[in-house]
Amino acid sequence: YLPAKLSLVTAWNHLANTGAIPYSEASSRGQPMLETILAEDPDNSEAFVQLAILKDIEGDRPGADQAFVTALEINPRNAMALQAYGRFLFDNHEIERGLALIDQALEIDPLAIRFLWNKCQANAHLQNFEISMQACATIRELDPDSPLGYYGKALAYMYVGDIPNIMQGYIEAIERDPEDFEMIGAMAIFWIWLGDAEQARAWLARADALGAGQPVPVSTRMQLYQFLEQYDLAGNLAKKSLDEGMQDRHGILGFMRHAWAYASVLNNNINAALEPYQQEYPWVFEETLVIPDDYVYVIDDLLLIADLLKRQDAFSERAEQLITLSEEKVDQYMPLFGPWHTDARWAAIETLRGNYDKAIDHLGAMYDMNYRTYWRSFIYNDPVMLHLRDEPKYQALIARFEKDMDQQREAAYALLGIEK
């Protein structure tokens, strides 16, 4: 019954990917079964694909890479392996090679929804708008009931900063999957970006009705508190989530650490702000700094830690080490974070160096590249950016964001048929 066992592992991985079960459950259930499958059939290419996915979930990128390679050595025309490995490579900075493998998979199976979805999503991250939209249009043509074609369309609009059309795509996806509380919670977040707390509360209530206590609704409530400038409530909710070991869904624990740090800095309690980072990155605080190979993924957190250390001691040697480390890889493009991510990191570095005009120029470049997602969290409610708060250029930039949000909010009311 190896095919049935393999299908179970595949199902668990899909369930974890959609948030129906924790990643840890997919790993704890899938790993032993894969060992059984590969013990009986060591040349099972599909099993190695699922093993690679589990390795990636566990954060073992070298192990995931090797499992993908093995899968394709066994069967070079395994289309599932090609597209999954392509997406893995894309997510890990090998952009052209990753896109090529996804296209190769589509040459073998041009009607596969999952393959088209990865083409849609990857190109959205790169702001290849037309390519992304065409892939998602094909999904809608092949399967009008699949939410992916509509969610993917929304993602393409997200990377060009068109919030009303993001929302329209999400609403169409929710109509096809009305119990997906993560998409419903995202609608509340979009209204927070646009500055409408009333609409945000209504969508958050819907998300809570389906998934109260789950990471996305909780994170959404925390962001609503921040928008309302109820920073202690936001910080306390974030710290409670961290202390209770909330699942790190969509990187939400990073949001929680960030919100707790912001609230703690406002309360002038730097030790409290540092506590979650000491638990997450103990190597940063060791007497001898031993740097992990993959630290490029956490440069944003390293810069925030550097800011906190400098608030304790303006001449902190460890803070300077972290800033220098970040400078060494700051230009390494990470497509999942959008084309503006390098400027976001440079803005933090220049702020920490005291070069406020240069920092604000980088933030302005983000605006010009259509950065609109989570701008309230990472340009306004950010511990590092607090240093810029009294700068006229910074205030003018925030006014540009607010004006754009006002215009997009009116456009959203019109598009979605909301009378105000």
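Trainee: How many helices and strands does the protein have?

Mentor: The protein has 22 helices and zero strands. Helices (H or I, at least four residues) and strands (E, at least two) are runs assigned by DSSP, numbered from the N terminus. Before we go on: this is a predicted model, where local features need pLDDT of at least 70, side-chain atom pairs count only at pLDDT 80 or more, and totals for chains, interfaces and linings use all residues. Residues are numbered from 1 along each chain as its sequence is written, and side-chain values use heavy atoms, with hydrogens and water left out.

Trainee: What share of the residues count as buried?

Mentor: First the cut-offs: buried means under 20% relative accessible area, exposed over 50%, and partly exposed in between (1.4 Å probe, protein chains only). Of the 420 residues, 54% count as buried.

Trainee: What about contacts in the protein between residues 24 or more positions apart?

Mentor: A contact means heavy atoms within 4.5 Å. Take the contacts with a separation of 6 or more: residues 24 or more positions apart account for 60% of them.

Trainee: Can we go through some single residues? Where does leucine 6 lie?

Mentor: Leucine 6 lies in helix H1 (residues 2–18). It counts as buried because its relative accessible area is 12%. Leaving out residues up to four places away in sequence, leucine 6 touches Leu34, Ile37, Asn44, Glu46, Ala47 and Gln50. Methionine 33 is 27 residues away from leucine 6 in sequence, and their C-alpha atoms are 7.8 Å apart in space.

Trainee: Which helix holds methionine 158?

Mentor: That's helix H9 (residues 148–158). Methionine 158 is buried, with a relative accessible area of 13%. Apart from neighbours within four places in sequence, methionine 158 is in contact with Ile166, Tyr170, Phe190, Trp340 and Thr373. Look at threonine 373: it is 215 residues from methionine 158 along the chain, yet the two C-alpha atoms are separated by 7.3 Å.

Trainee: Is glutamate 182 buried or exposed?

Mentor: With a relative accessibility of 14%, glutamate 182 counts as buried. Glutamate 182 sits in helix H11. Beyond its neighbours within four places in sequence, its contacts are Thr18, Gly19, Val216, Arg249 and His250.

Trainee: How do I check the span of a helix such as H10?

Mentor: The expected span is 1.5 Å times one less than the number of residues. Helix H10 (residues 163–176) has 14 residues and should span 20 Å; its end C-alpha atoms are 20 Å apart, so the two agree.

Trainee: Where are glutamine 127 and asparagine 268?

Mentor: Both are loop cases. Glutamine 127 is in the loop between helix H7 (113–125) and helix H8 (129–142), and its phi is near 60°, a positive value in a residue other than glycine. Glutamine 127 is partly exposed, with a relative accessible area of 28%. Asparagine 268 lies in the loop between helix H15 (252–266) and helix H16 (270–280), and its phi is also near 60°. At 65% relative accessible area, asparagine 268 is exposed.
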